[in-house]
Amino acid sequence: MVGMNRWDDKYAPARYFYGTEPNVLVREALAGLPTGRALFLAEGEGRNAVHAASLGHEVVAVDSSAEGRRKALALAAERGVTLTYLLGDVGSTAWDDAPYDLAVLCFFHEWPAERARLHARTAAALRPGGRLVVVSFAKEQLGRGTGGPPDLELLQDLDEVRGEFPGVIWERAERLEVVQHEGPGHDGPATVNLLVGTAGQQ
Ligand SMILES: C[S@@+](CC[C@H](N)C(=O)[O-])C[C@H]1O[C@@H](n2cnc3c(N)ncnc32)[C@H](O)[C@@H]1O
């Protein structure tokens with residue numbers, strides 16, 4: 001179909017490609033946080049954003065997949081919560097017009113130069129004291145066939161990524177071996193990076 005991207009193809013069927021429950025590391029990182037304005041970049045079918053909205057956050061999600069947006073809004077309606085979901089490229093969409101109390105990047109794998117720009121912009125969009133959560137596939141995930149891009153450059157090195165968010169003080173920055181069952185998209189043992197931090201004074 002004209003205008004569909006490859007994520008639209010994955011998201012078009014009725015089932016949710018990454019499931020309808022939040023990623024477990026995101027769920028843990030959000031537990032007990034004060035509610036506020038929360039940003040979810042490259043949020044796809046909305047599993048994490050809908051969870052945050054159910055906790056009481058005022059959620060802004062961004063993704064370039066129209067099918068992802070459709071599914072996310074359907075999931076939000078089913079759970080009785082609301083989301084602002086901006087459809088567009090994260091590089092060119094105006095999602096940072098006001099500061100956030102929380103930003104979440106979950107399995108967003110971009111080419112290194114664009115990724116670094118986006119990460120710096122995300123850090124700048126947090127108010128002082130705002131929380132940042134990043135979950136990504138590590139370089140060691142290459143070829144495992146349980147999720148993540150099949151290109152080493154798109155997989156993330158923990159030390160590189162932790163240096164891409166100016167002003168963020170990390171509380172956790174770890175490479176973890178996990179077993180994921182998140183729909184057909186992520187299924188089985190995997191190596192992921194988890195970074196959780198707080199924006200300092202700017
Ligand atoms: C692996 S999926 C992760 C989806 C969601 N964060 C999750 O964990 O369920 C990657 C997502 O990034 C989105 N994406 C990729 N490049 C993008 C870009 N440049 N701008 C906006 N979204 C993008 C895709 O549409 C897709 O939904």
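Guide: In this predicted model, the ligand has 17 residues around it, of which Trp7, Ala42, Gly44, Ser64 and Ser65 come nearest. Sorted by class, the shell around the ligand consists of seven nonpolar, six polar and four charged residues.

The sheet may be taken next. It is open and has seven strands in the order S3-S2-S1-S4-S5-S7-S6, and its pairing is mixed. Its edges are formed by strand S3 (84-87) and strand S6 (168-182), each of which pairs on one side only. From one strand to the next, the twist averages 15°.

Strands of a sheet pair through backbone hydrogen bonds, in either a parallel or an antiparallel sense. Strand S1 (residues 37-41) and strand S4 (residues 100-106) run parallel and are joined by four bridges. Within this pair, Phe40 has Val104 of S4 as its bridge partner. Helix H4 also packs on the sheet, where it touches strand S2 (58-63) and S3; the direction of H4 makes about 170° with that of S3.

Elsewhere in the sheet, the pairing of strand S5 (residues 126-137) with strand S7 (residues 186-199) is antiparallel and extends over seven bridges. Val133 has Val196 in S7 as its bridge partner. S7 also pairs with S6, again in the antiparallel sense, over 14 bridges. Here Val179 stands opposite Pro189 of S7. S6 and S7 together form a hairpin, with three residues between the two strands. In the turn of this hairpin, Gly183 has a positive phi of about 65°.

The helices complete the view. Two packed helices are described by the angle between their axes and by the distance between those axes. For helix H3 (residues 47-55) and helix H4 (residues 66-79), the packing angle is about 30° and the axes are 9 Å apart. Because angles under 35 degrees count as roughly parallel, H3 is roughly parallel to H4. The crossing in which H3 passes H4 is right-handed. On the H3 side, the contact is made by Ala49, Val50, Ala53 and Ser54, and on the H4 side by Ala72, Leu75, Ala76 and Arg79. By class, this contact of H3 with H4 comprises six nonpolar residues, one polar residue and one charged residue.

In summary, H4 takes part in two packing arrangements: H4 packs against H3, and H4 packs on the sheet, touching S2 and S3.

How values were computed: Residues numbered from 1 in each chain as written. Predicted model: local features only at pLDDT ≥ 70, side-chain atom pairs only at ≥ 80, totals over all residues. Axes fitted to C-alpha atoms, helices over the stretch in contact; angles between N-to-C directions. Parallel < 35°, antiparallel > 145°, perpendicular 65-115°, else oblique. Left-handed = near helix turned anticlockwise from the far one by under 90°. Contact = placed C-beta atoms within 7 Å. Nonpolar A, V, L, I, M, F, W, Y, C, P; charged D, E, K, R; others polar. Near = placed C-beta within 6 Å. Pairing = 2+ DSSP bridges.
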